[in-house]
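Subject: Structure handover

Hello,

The sequence and structure are below, followed by notes on what was found.

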Amino acid sequence: MSESNGVLARIKQKYTELSPSARAIANYLQQFPLTVISDSTAEIAAKTNTSKATVSRLFRQLGYASHQDAKQDVVLQRDAGIPVKQALSQHDYIAAELGNLQRTLEAIPASQINHIASILARAPKITLIGYRNSYPVALHCRQQLKQIRPNVRLLPQPGQSLSEDLMDLADDEIIVVFGFRRRPRIFARMIDALPSARTILLTDPTGQVYQDRVGHTLVCQLGNQFAFDSYAAPMSLVSVICNQAFTLLGAEGDNRVATISALYAEMGELDPD
């Protein structure tokens with residue numbers, strides 16, 4: 001969590017003023033901040049061998065009106081993409097990942113996925129753009145598309161700026177932007193510089209603020225149960241779309257895959273099975 005605000009920063013500021021019992025609670029919350037969201041006042045008290053009254057008093061000492069007020073603060077921090085530690089079991093991870101996948105794919109109509117896949121199958125050129133944690137998802141999309149069709153590039157190039165590449169966008173080029181939370185400051189200006197009708201945005205729910213500035217928006221759930229965002233749903237959505245594009249390309253896609261596979265063998269690039 002941010003050191004400039006939130007529960008952890010307040011604990012750090014107030015720690016020397018806390019009673020021994022309050023410090024026991026503070027120590028626990030520093031180790032597992034998401035407990036503020038997941039546990040009740042009674043549960044926090046039980047886990048720290050203190051009382052409900054002591055837990056409530058600690059939150060007031062930290063400047064919150066109540067436990068609920070502190071909980072809302074942590075939710076806002078995590079929804080902004082700020083890492084917050086939490087102790088979770090393997091079952092928790094599985095359930096959360098399945099939930100993210102289900103909510104993502106069920107919310108996007110099959111007709112929209114088919115339409116996007118058709119655009120990516122038939123576009124003369126495709127440019128994929130991703131910054132920070134969005135870059136690996138864009139790279140994954142490029143790798144899948146390059147196997148089934150030509151003229152796919154990924155931006156920004158390492159160490160390079162973006163403007164000179166955007167200057168060269170063709171009039172029939174499709175741009176796919178990957179913009180998940182904690183986007184860089186340049187993101188909004190970049191969106192405005194792109195041709196809206198030919199821009200497809202893959203984002204988390206916070207990126208819906210840009211949906212009126214692009215042609216298509218696909219929303220992926222990253223979850224907020226873990227310290228770090230999960231990109232299982234975006235990666236899966238990319239796979240779904242690219243698989244459908246491959247189907248739509250028919251023999252053209254099959255021929256490219258076969259040619260690339262032959263080149264792999266000729267050049268010995270892949271480890272043999």
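A disulfide is a pair of cysteine sulfur atoms within 2.5 Å. The model is predicted, so local features need pLDDT of at least 70 and side-chain atom pairs count only at pLDDT 80 or more, while totals for chains, interfaces and linings use all residues. Residues are numbered from 1 along each chain as its sequence is written, and side-chain values use heavy atoms, without hydrogens or water.

Cysteines. The structure has 0 disulfides. For Cys-242 the closest cysteine sulfur is that of Cys-141, at 4.2 Å, which is too far for a bond.

Leaving out residues up to four places away in sequence, Leu-145 is in contact (heavy atoms within 4.5 Å) with Leu-120, Ile-126, Leu-128, Val-152 and Cys-242.

Sheet. Strands are DSSP runs of E, at least two residues, and helices runs of H or I, at least four, numbered from the N terminus. Strands pair if DSSP finds at least two bridges between them. Five strands form an open sheet in the order β2-β1-β3-β4-β5, with parallel pairing. Its edges are β2 and β5 (216-219). Between β3 and β4 there are 5 bridges, and Gly-179 lies opposite Thr-203 in β4.

Regards
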